[in-house]
Amino acid sequence: MKKSAEKKFLTMESIVKLLEEHRLIEKGLDVLESILSQKIDKNKLEYMLKFLKVFIDKCHHGKEENFLFPRLEERGLNLRAGPIAVMLSEHEQMRNMIAQIEKEVEKPESDEEKVKRIAEDYVQALRMHKLKEESVLFKIAEQILDENDDKELSELFEKFEEEEIGKGVHEKFHKMIEELEKKI
Ligand SMILES: [Fe+2]
Ligand SMILES: [Fe+2]
């Protein structure tokens with residue numbers, strides 16, 4: 001085996017940061033599934049919608065769309081075809097699913113079965129999406145990004161988190177999801 005093929009993947013600081021977020025997202029999806037498996041507790045569902053919108057979409061997908069994907073494009077990966085294009089269109093599909101769930105939940109006579117159906121589809125879609133990123137896109141990223149890209153991306157992620165989501169909000173989500181997870 002050639003030496004380059006032995007390189008250990010997913011060790012860059014910026015990519016590891018995204019991976020750690022994937023781990024929390026997995027826990028969040030388990031919590032969401034347990035909420036969907038019984039009569040829906042509206043308060044819990046509303047909290048989870050906040051997690052889906054703020055932590056997953058705005059913060060996590062935001063870091064990928066605003067910084068990781070453009071940097072990969074600068075390093076030669078096509079933004080309009082291939083894995084990035086797939087990831088972008090999946091982000092968009094999941095964004096639409098969240099909007100549909102919210103729209104239904106806000107109705108005075110909301111259709112619980114419809115909410116469950118869309119939310120279950122969302123859970124499956126996001127699990128597949130994470131898998132694709134980890135097995136394909138993040139591996140490509142570690143091959144084409146250099147140390148400097150990694151350092152800059154890590155700094156950009158941190159700044160984005162503070163400016164867009166606010167200091168401490170990320171940690172608050174971690175705590176809440178871990179507590180909810182213990183109860184399921
Ligand atoms: Fe993504
Ligand atoms: Fe991701």
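The structure is a predicted model, in which local features need pLDDT of at least 70 and side-chain atom pairs count only at pLDDT 80 or more, whereas totals for chains, interfaces and linings use all residues. Residues are numbered from 1 along each chain as its sequence is written, and chains are lettered from A and ligands numbered from 1 in the order in which they are written.

Helices are DSSP runs (H or I, at least four residues) numbered from the N terminus. Helix H1 covers residues 13–36. With 24 residues at 1.5 Å a residue, H1 should span 34 Å, and the 35 Å between its end C-alpha atoms agrees with this; the expected span is 1.5 Å times one less than the number of residues. The buried residues of H1 are Ser-14, Ile-15, Leu-18, Glu-21, Ile-25, Gly-28, Leu-29, Val-31, Leu-32 and Ile-35. A residue is termed buried if 20 or more other C-beta atoms lie within 10 Å of its own, exposed if 12 or fewer, and partly exposed in between, with C-beta atoms placed from the backbone. These buried residues pack against helix H2 (42–74), H4, helix H5 (147–165) and helix H6 (169–183). An α-helix has 3.6 residues a turn, so residues three or four places apart point the same way.

Two packed helices are described by the angle between their axes and the distance between the axes. Axes are lines fitted to C-alpha atoms, for helices over the stretch in contact, and angles run from 0 to 180 degrees between N-to-C directions. The axes of H1 and H2 cross at roughly 155° and come within 11 Å. H1 and H2 are therefore roughly antiparallel; angles under 35 degrees count as roughly parallel, over 145 as roughly antiparallel, 65 to 115 as roughly perpendicular and the rest as oblique. The crossing of H1 with H2 is left-handed, a term used if the near helix is turned anticlockwise from the far one by less than a right angle. On the H1 side, the contact is made by Leu-18, Glu-21, Ile-25, Gly-28, Val-31, Leu-32 and Ile-35. The H2 side contributes Lys-44, Leu-45, Met-48, Phe-51, Ile-56, His-60, Lys-63 and Glu-64. Two residues are in contact if their C-beta atoms, placed from the backbone, lie within 7 Å. By class, the contact of H1 with H2 comprises nine nonpolar, two polar and four charged residues. Here Ala, Val, Leu, Ile, Met, Phe, Trp, Tyr, Cys and Pro count as nonpolar, Asp, Glu, Lys and Arg as charged, and the others, Gly among them, as polar.

H1 also packs with H5, at an angle of about 40° and with the axes 7 Å apart; H1 and H5 are therefore oblique to each other. In this contact, Glu-13, Ser-14 and Lys-17 of H1 meet Asp-150, Leu-153, Ser-154 and Phe-157 of H5. The contact of H1 with H5 has two nonpolar, two polar and three charged residues.

Phe-160 also lies in H5 and, with 16 C-beta neighbours inside 10 Å, counts as partly exposed. Beyond four places in sequence, Phe-160 is in contact with Gly-62, Lys-63 and Asn-66. Phe-160 and Cys-59 are 101 residues apart along the chain, with their C-alpha atoms separated by 8.0 Å. Cys-59 is located in H2 and is partly exposed, with 19 other C-beta atoms within 10 Å. Residues up to four places away in sequence aside, Cys-59 touches Val-54, Glu-161, Glu-164, Ile-165 and His-170.

Helix H3 (residues 82–106) and helix H4 (residues 112–144) pack at an angle of about 160°, with their axes 10 Å apart. H3 and H4 are therefore roughly antiparallel, and their crossing is left-handed. The contact of H3 with H4 divides into 15 nonpolar, three polar and five charged residues. Ile-84, Met-87, His-91 and Ile-101 are the buried residues of H3, and their cover includes H2 and H4.

Ile-98 is placed in H3 and is partly exposed, with 17 other C-beta atoms within 10 Å. Neighbours within four places in sequence aside, Ile-98 is in contact with Leu-49, Leu-52, Lys-53 and Asp-57. In H4, Leu-137 is buried, with 22 other C-beta atoms within 10 Å. Leu-137 touches Pro-83, Met-87 and Lys-132, not counting residues up to four places away in sequence.

Terms used: Helix = DSSP H or I, 4+ residues; strand = E, 2+ residues; numbered from the N terminus.
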